[in-house]
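Welcome, and please open your viewer before reading on.

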Amino acid sequence: MSRLQTRFAQLKEQNRAALVTFVTAGDPSYDASLAILKGLPGAGADVIELGMPFTDPMADGPSIQLANIRALAGKQNLAKTLQMVREFREGNQDTPLVLMGYFNPIHYYGVARFISDAKEAGVDGLIVVDLPPEHNEDLCQPAQAAGIDFIRLTTPTTDDNRLPTVLAGSSGFVYYVSVAGVTGAGSATLEHVQEAVTRLRRHTQLPVCIGFGIRTAEHAASVARLADGVVVGSALVDQIAKADSPEQAVDGVLNLCKTLAEGVRGARA
């Protein structure tokens, strides 16, 4: 079993959802970002999504756009992001880590080289926002052949006719984007989330994780009662944006992660 399969199986036995956290690699600096990455599991993150900085993150709202700008200003690139994963794996062999971003940096790096280096570094999965299923041969299929899960996004506009195509090449988990819009742009009603989870489970046996717009422990707990995982990104990234120092950024992210984890872990108690 992969790390993702193992983690979700463990959580199913515990009857609780996963807390899936997102931060951008290199934000606010390499060293502070690595400290955040290393600290997230201890703060309650069950799965980590690590953003690959890109100049044009078209699916992201202002918070994560600015995180990309900060990271790129600090000379973060894909090679450094993979090195960050290697350093994380030196002390943690259990927490699933998923790289999230866009195809352009991977294409520039070289797909075959990227897959080989990502596997060697300890990457468990990929979320590549701008590669639809019609381009599975470009990255999804070779990544899965190497043992790296390829996680698909589904949205409120992905209808029942489209869903089987989207899910056909999916593995790891399904990421349901709960609002039609960019990251950090509002949140869906719980009724909508319930309907979406029910519909997705008719089409897949994979765990269903809900993201976009979840910012508080209370909201995370509400979603955790309905889904297999709760994804939080912009709220964590905002802790970095408002920090006065790298140390404050690390503390802000990890303290919020702890609060969110308490909400998720107590949701079904």
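Here is a short tour of this structure, which is a predicted model.

**Stop 1: Leu 40**

Start by selecting Leu 40, which sits in the loop between helix H2 (30-39) and strand E2 (47-51). Is Leu 40 buried or exposed? Its relative accessible area is 0%, so Leu 40 is buried. Now show what surrounds it: setting aside neighbours within four places in sequence, Leu 40 is in contact with Thr 21, Val 23, Ala 45, Ile 48, Val 253, Leu 254 and Cys 257. For a sense of scale, draw a line from the C-alpha of Leu 40 to that of Asn 104. The two are 28 Å apart in space and 64 residues apart in sequence.

**Stop 2: the nonpolar cores**

Leu 40 also belongs to the largest nonpolar core, which has 70 residues. Leu 40, Leu 50, Leu 99, Phe 114, Leu 126 and Leu 139 have the most contacts inside this core. Colour helix H12 (residues 246-265) next, because that helix gives the core its largest share, nine residues.

Then centre the view on Leu 99. Beyond its neighbours within four places in sequence, the contacts of Leu 99 include Leu 50, Met 52, Val 85, Phe 114 and Leu 126.

**Stop 3: the cysteines**

How many disulfides are found in the whole structure? The search finds zero. Select Cys 140 to see an example: the nearest cysteine sulfur belongs to Cys 209 and is 17 Å away. Because a disulfide needs two cysteine sulfur atoms within 2.5 Å, a distance like that rules one out. Cys 140 is buried, with a relative accessible area of 2%.

Move on to Cys 257, one of the residues in contact with Leu 40. Cys 257 is in no disulfide either, and its nearest cysteine sulfur, that of Cys 209, is 15 Å away. Cys 257 counts as buried too, at 0% relative accessibility.

**Stop 4: two packed helices**

Finish by selecting helix H3 (residues 62-73) and helix H11 (residues 234-241). Their axes are 9 Å apart and meet at an angle of about 50°, so H3 and H11 are oblique to each other. The crossing of H3 past H11 is left-handed. To see the contact itself, show the side chains of Ser 63, Ile 64, Ala 67 and Arg 70 on H3, together with Ser 234, Val 237, Asp 238, Ile 240 and Ala 241 on H11.

Technical notes:
Residues numbered from 1 in each chain as written. Predicted model: local features only at pLDDT ≥ 70, side-chain atom pairs only at ≥ 80, totals over all residues. Heavy atoms only, no water. Buried < 20%, exposed > 50% of the residue type's maximum accessible area, 1.4 Å probe, protein only. Core = buried A, V, L, I, M, F, W, Y, C linked by side-chain atoms within 4.5 Å. Helix = DSSP H or I, 4+ residues; strand = E, 2+ residues; numbered from the N terminus. Contact = heavy atoms within 4.5 Å. Axes fitted to C-alpha atoms, helices over the stretch in contact; angles between N-to-C directions. Parallel < 35°, antiparallel > 145°, perpendicular 65-115°, else oblique. Left-handed = near helix turned anticlockwise from the far one by under 90°.
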